[in-house]
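I opened the model to look up two things. The ligand site came first, then a sheet.

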Amino acid sequence: MSKKEYLREQREKMIREEGIIFLDHVSKSYSTGAPALDDVTLHIGKGEFVFIVGDSGSGKSTLIKLLLRELVASDGSVFVMGHNLAKLKHRQIPKFRRNLGVVFQDFRLLNDRNVYENVAFAQRIVETPVSEIRRNVPAILATVGLAGKYKAKTKRLSGGEQQRVALARALINNPSILLADEPTGNLDPKNSWEIMKLLEEINEQGTTVVVVTHNREIVNAMQKRVVTMKKGVIVSDEEEGAYIDED
Ligand code: ADP
Ligand code: MG
């Protein structure tokens, strides 16, 4: 083994042990336009709660997609839970994603199914025994405040309720990391707060939580780490940060 290889191996070992998310000089270009991410280095440790803020088009969703391995970096390396995502084989991706919960602005539920089915589905995919699913689904629905709603069709629910279903689905397999891309983008202030408080509770149970948001009031009130992006670069990264005003 050459010295270079040895150093690389040592570094990867460190990444596995210390960091749950590590972007190392990551760039991502689409076929057109300026790079969506331009030499981004970001470390998120186990159990952190991090807001990612920035103007539309600043690269936030691209960053989330890289963490999910929906996209692969054009340059640099992305490490998640000890995996170098560029080296992950296609057949390893489903197993990798089981440890990631994801929530989006538009909920992405199965709208013709009921609440129970939407959540149970995530457990069937990972071949959880039916008896366990029957125990787990009501328990997780209770934690998101939907205990009585499991028979309702999701399309009949309010936005806030739909996002709770999405959150229950994201959490049912006990992920190490929860990624949320503008989870309150379609919600009124009251429901936005309730969803953010749930994310905080989930984080307090030990899950690493990364939340992309435009919700200035909530970011400023919650006093978490705030990573601000602009045109594909991180322009600030503050503990107990605030939403930085543009211009
Ligand atoms: P944000 O989530 O912060 O709004 P995105 O990551 O969605 O930003 O986008 C970052 C930049 O990359 C934008 O300029 C956007 O137009 C561009 N972009 C995003 N997705 C694609 C794509 N599939 N093809 C080409 N350009 C894209
Ligand atoms: Mg986005």
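Which residues surround ligand 1? I listed Tyr-30, Ala-36, Asp-55, Ser-56, Gly-57, Ser-58, Gly-59, Lys-60, Ser-61 and Thr-62, taking a residue as near if one of its heavy atoms lies within 4 Å.

This is a predicted model, where local features need pLDDT of at least 70, side-chain atom pairs count only at pLDDT 80 or more, and totals for chains, interfaces and linings use all residues. Residues are numbered from 1 along each chain as written, chains are lettered from A and ligands numbered from 1 in written order, and side-chain values use heavy atoms, without hydrogens and water.

I then sorted the shell: two nonpolar, six polar and two charged residues. Here Ala, Val, Leu, Ile, Met, Phe, Trp, Tyr, Cys and Pro count as nonpolar, Asp, Glu, Lys and Arg as charged, and the others, Gly among them, as polar.

Next I checked backbone N or O atoms against ligand oxygens. Gly-57 has one at 2.6 Å, Gly-59 at 3.0 Å and Ser-58 at 3.2 Å. Taken alone, ligand 1 exposes 560 Å², and the protein buries 59% of that (Shrake-Rupley, 1.4 Å probe).

I moved on to the sheet. It is open, with six strands in the order β6-β7-β8-β3-β9-β10 and mixed pairing. Strands are DSSP E runs of at least two residues, numbered from the N terminus, and two of them pair if DSSP finds at least two bridges between them. The edges are β6 (100-104) and β10 (233-238), each pairing on one side only.

I looked at β6 again. β6 pairs with β7 (177-181) in the parallel sense over five bridges. Val-102 stands opposite Leu-179 in β7.

Note on methods
Polar contact = N/O pair within 3.5 Å; in protein donor to acceptor, adjacent residues only side chain to side chain. Helix = DSSP H or I, 4+ residues; strand = E, 2+ residues; numbered from the N terminus.
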